[in-house]
Amino acid sequence: MAPQKRTAFPKVLIERDTDSEQSSSDDDEEEEEEDPPSEEENEEKTEVFNDSIKKGKSPITISLKKVCKVCKRTGHEAGFKGATYIDCPMKPCFLCKMPGHTTMTCPHRVATEHGVIPAPHINTQNPVEFIFERQLRPRITSIKPAYVIPDQVNCAVIRYHSRRVTCLEFHPTNNHILLSGDKKGQLGVWDFAKVHEKTVYGNIHSCILNNMRFSPANDGTIYAASSDGTISCTDLETGISSSLMNLNPNGWQGPGSWRMLYGMDINSEKGVVLVADNVGFLYLVDSRSNSQTGKAIMIHKKGSKVVGLHCNPLQPDLLLSCGNDHFARLWDMRRLEAGSALASLKHRRVVNSAYFSPFSGTKILTTSQDNRLRIWDSIFRDLDSPSREIVHSHDFNRHLTPFRAEWDPKDPSESLAVIGRYISENYNGTALHPIDFIDINTGQLVAEVVDPNITTISPVNKLHPRDDVLATGSSRSLFIWRPKKFDVAERLDTRKIIVVGGDAKKRGKRSKDDYDDDSDDDRFSLKGKNVKVTKSGKQTTHRKAKR
């Protein structure tokens, strides 16, 4: 038997960081002062390289140097380490996007109202503002009521969805019904008063469920817009669904032709469902005939996503849209056509959401990807620039549902908004991501809601329109928050915590969907004692379940 020829492996070169490397600035200096390699070293490297080429193999270089995930350069690291965000020295502050300081020392992080000019008193100076004062101001109470903050987890369902939660909606008449949609297109119906009564419909959409709205004529019917290009109309009792519109009737024909639906709202006066797609078009669907009416209208830059639509609560003919073209736009539906926007509100980056105020409909609140909340105090005034800009951490990565600041629908002063926070904070050595309640008139942080058991990011938050309840979608789980009560009987009971699909996790197995989603794992542990969560001298008591 002929001897087998031994295969020569390519030479492996290992690059290491020196112990003296501390920062990128030090690295640059060391690179400049470093002595050039000797001729013997150069000859040795050349021989290794030539020998590898002759044998048909090039040398393999393995680098053990630190690589920054932000700028992709070596010699330094940036990103989260526990609850601390380390800034890249090549980039400006991650929070306010301004150079000269780091995120940990950013003045906007220390005080959310930094640089915010409080809302001025409106003096009637012209006929339009006179009408505004006479007709709309009486709807807003002159005495600002005290804020009631839901700051304690009352019940929860862990790993309720198979993918991350993307939207939430409360039932218009039943105070204890919460609807949720997820990245897989599933629609969940949860009665959080009975906790264990929950239903998930998985056959309505095939991918991300982006928006939901209840039918004004029937509170048992829900409309939903999905990234599969369809609008569904679903009966919540039976789960029977019908498709009102399908932008991809021929199925998948490649990413260039695939249409997705994002923004959605309902004009109750006209009986029209409004929905927008990922290339800038608006579609109108008659809710009575369940069919599209008219042609698609381009309302944003061609090729950009229209991620939000909102009809004015008092004048439904006024439509507010926002998209990836860095604009939020105001429209009159009575003369809706391309290029006919009443106003274009310019932003520096993508606009995640835009909403009219819930009572008067005269204010506008937008959330932009540049870590800014912007407020326009009156739609009757000059809309070229916002009344205020509030710096807030919500510049997220692509594996999260976008953060959206939403008004408190029960606040008659129209000054309270809720939004989740992206940058984590250190609470007794644990990295937690608070849910922030912000006074949009002054920029002050009214409250930051945390629970030591919830270590995931909470980008989806919805305040109840009638009760003092906050619903949160964090990763695949749902949480119900209520105001803290000191009665022992009101403490969180383990019977109000449902864990769904926990067996696979205990065995150490993860499905393909878990890896594919790339969102934080659900971690909710019950340790049985009252815990004080301390941050920056503040103390908040959070009651945990007793075993």
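Two strands are taken to pair if DSSP finds at least two bridges between them. The model under discussion is predicted.

1. Four strands, in the order 22-23-24-25, make up an open sheet with antiparallel pairing. Strand 22 (351-356) and strand 25 are the edge strands; each has a single partner strand, so one side of each lacks a neighbour in the sheet. From one strand to the next, the twist averages 15°. Strand 22 and strand 23 (residues 364-368) run antiparallel and are joined by 5 bridges. Within this pairing, phenylalanine 356 has isoleucine 364 of strand 23 as its bridge partner.

2. Asparagine 352. This residue belongs to strand 22. Which side chain does that of asparagine 352 meet in a polar contact? The partner is the side chain of glutamine 369, at 2.9 Å. Asparagine 352 has a relative accessible area of 5% and is therefore buried, the limit being under 20%. Beyond its neighbours within four places in sequence, asparagine 352 is in contact with Val307, Cys322, Thr367, Ser368, Gln369, Phe396, Pro402, Phe403 and Arg404.

3. In soluble globular proteins, nonpolar side chains tend to be buried together. The largest nonpolar core in this model has 20 residues, and Leu365, Leu373, Phe403 and Tyr422 have the most contacts inside it. Strand 24 (372-376) and strand 27 (416-420) each contribute at least two residues to this core.

4. Salt bridge between aspartate 395 and lysine 97. The count of salt bridges comes to 24. In one of them, the side chains of aspartate 395 and lysine 97 meet at 2.6 Å, N to O. Aspartate 395 sits in the loop between strand 25 (388-391) and strand 26 (406-407), and lysine 97 in the loop between strand 4 (84-86) and helix 3 (107-110), so the pair ties together parts that are 298 residues apart in sequence. Are the two partners buried or exposed? Aspartate 395, at 9% relative accessibility, counts as buried, whereas lysine 97, at 25%, counts as partly exposed.

5. Salt bridge between lysine 270 and aspartate 317. The side chains of this pair meet at 3.6 Å, N to O. Lysine 270 is in the loop between strand 14 (261-267) and strand 15 (272-277), and aspartate 317 is in the loop between strand 18 (306-311) and strand 19 (318-323); the pair links distant parts of the chain, 47 residues apart. Lysine 270 counts as partly exposed, at 33% relative accessibility, while aspartate 317 is buried, at 13%.

6. Further salt bridges. Aspartate 370 and arginine 374 form a salt bridge through their side chains (2.7 Å, N to O), and both residues are buried. A network of salt bridges also links Arg109, Arg421, Glu425, Asp436 and Glu448.

7. Positive phi values. Most residues other than glycine have a negative phi. Valine 195, although not a glycine, has a positive phi of about 65°. Valine 195 lies in the loop between strand 8 (187-191) and strand 9 (197-201) and, at 5% relative accessibility, counts as buried. Glutamate 414 also has a positive phi, near 50°. Its place is the loop between strand 26 and strand 27. Is glutamate 414 buried or exposed? At 1% relative accessibility, glutamate 414 counts as buried.

8. Strand 5 and its partners. Strand 5 (residues 152-158) is mostly covered, with 7 of its 7 residues buried. Strand 5 pairs with strand 34 (residues 477-482) in the antiparallel sense over 5 bridges, and runs parallel to strand 35 (residues 497-499), to which 3 bridges join it. Valine 157 takes part in both pairings: it stands opposite leucine 478 in strand 34, and its bridge partner in strand 35 is isoleucine 498.

Technical notes
Residues numbered from 1 in each chain as written. Predicted model: local features only at pLDDT ≥ 70, side-chain atom pairs only at ≥ 80, totals over all residues. Heavy atoms only, no water. Core = buried A, V, L, I, M, F, W, Y, C linked by side-chain atoms within 4.5 Å. Buried < 20%, exposed > 50% of the residue type's maximum accessible area, 1.4 Å probe, protein only. Salt bridge = Lys/Arg side-chain N within 4 Å of Asp/Glu carboxyl O. Axes fitted to C-alpha atoms, helices over the stretch in contact; angles between N-to-C directions. Polar contact = N/O pair within 3.5 Å; in protein donor to acceptor, adjacent residues only side chain to side chain. Contact = heavy atoms within 4.5 Å.
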